[in-house]
Amino acid sequence: MSVERKDDHDHDAWLEEKDLTPIEQTFLTTLVWLDKRLRLVDYLELLESLYYRVNLQMPKSHTEQYNLDNKFWYWYPLYSLGFFSTVAYIVAAISGALLGFYYSPSTAAGAVDIEGATVAYSTITVIMTELNFGFFMRSLHRWAAQVMTAAVFLHMLRVYFTGAYKEPREVNWIIGIILLSLTMVFGYTGYLLPWDQLAYWAGQIGVEMALSIPLIGEWVAQLVFGGFSLGQPTLQRMYIIHVFLLPFVVTTVIAIHLGLVWMQGIAEPH
C-alpha cells in the first residue's frame, strides 16, 4: 500500500449521477467519508490480495491433479494441521493468561480440606469449583493444549511423508522440530503446575532423567528443577518457564515459521 496521496476523485459529482435510494445514498456517503480519512479501500485491496495469495499457495489434491474419483484421498485436511495448531496455541495462551490471575505457584499448605494439599492445588480447586466459568476456562486451556500437541505432531508427519522438508524448506523443517520440542516442554511444565500427585511424580521422573545426562546431569537438574529433590524451587521454575519464558520464545519462532511459509509457499506432495 503506497503512502503517497492519490488524486482526489469528485465523489459528490459521481453520487449525483447515480439514481440512488436514500439508504444507498446514506451508505455510500458514509463509506466515502470514512475512506477519505481511514483509506478503507486500500486495506480492502490488501485483504483481496491476501485472499488470492493464500488460495494460490494451496496445493492441488491428488483427486484434482490426476482426475481421480471424488472418494479418493484428499490432501486438504492434512494441510490445515499447521493452522489448527496455531489457533489452538492462541486459545491456550489466552485462556492460560486468564487462569494466571487466580493461580499461585506455592507449595505451602493450602486452605482446602485435603490432607497434604498445597496452595497451588488449592487455587486450582477454587478455579474449578468456585470461580464463575472457571471449570470451563481450565478445560478449554487443557483441551487447547492437547489439540495443539496432536496437531503439531501430525503436522510434522504430514511434512515428512509428503516430502515437504526437502529443498528449499530445510530450515523451516528444523524450525518445526524446534517448535515440536518446545510444545513438549510447554505440556510438561504445565502438567506440573497443579502440584498434585500426578505432577509430583512427573516432576520426579524429570529429575531422574536430568540426572541421567552424562557429565552435565547434576547441573541440569539444579538449573531446571532447583535441586535433586522437588520443592518450592521446582514449582517456581516450572511456573516461570511456562508463563514467562516459553510464550515469548514460541510466539517468536511461530512468527518466523509462518513467515518462511509465506515466502516459500506451501509444498505440493512429492
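Rings of Phe, Tyr and Trp (its six-membered ring) count as a pair if their centres lie within 6.5 Å; planes under 30 degrees apart are stacked, over 60 edge-to-face, and the rest tilted. The whole structure holds 9 aromatic pairs. One of them joins F83 and F84, a tilted pair with 6.1 Å between centres and 55° between planes.

This is a predicted model, in which local features need pLDDT of at least 70 and side-chain atom pairs pLDDT 80 or more, while totals for chains, interfaces and linings use all residues. Numbering starts from 1 along each chain as its sequence is written, and side-chain values use heavy atoms, leaving out hydrogens and water.

G217, V220, A221 and F225 are its buried residues (under 20% relative accessible area, with exposed over 50% and partly exposed in between; 1.4 Å probe, protein chains only). Seen down the axis of α10, they fall within an arc of 100°, so they line one face of the helix; the arc is taken from the directions from the helix axis to the C-beta atoms. E218, W219 and L223 sit exposed on the other side of α10.

The buried residues of α10 pack against α8 (170-192), α9 (197-211) and α11, where contact means heavy atoms within 4.5 Å. With α11, the meeting brings Q222, L223, V224 and F225 of α10 to P233, T234, R237 and M238. Just after α10, G226 has a positive phi of about 75°.

Terms used:
Helix = DSSP H or I, 4+ residues; strand = E, 2+ residues; numbered from the N terminus.
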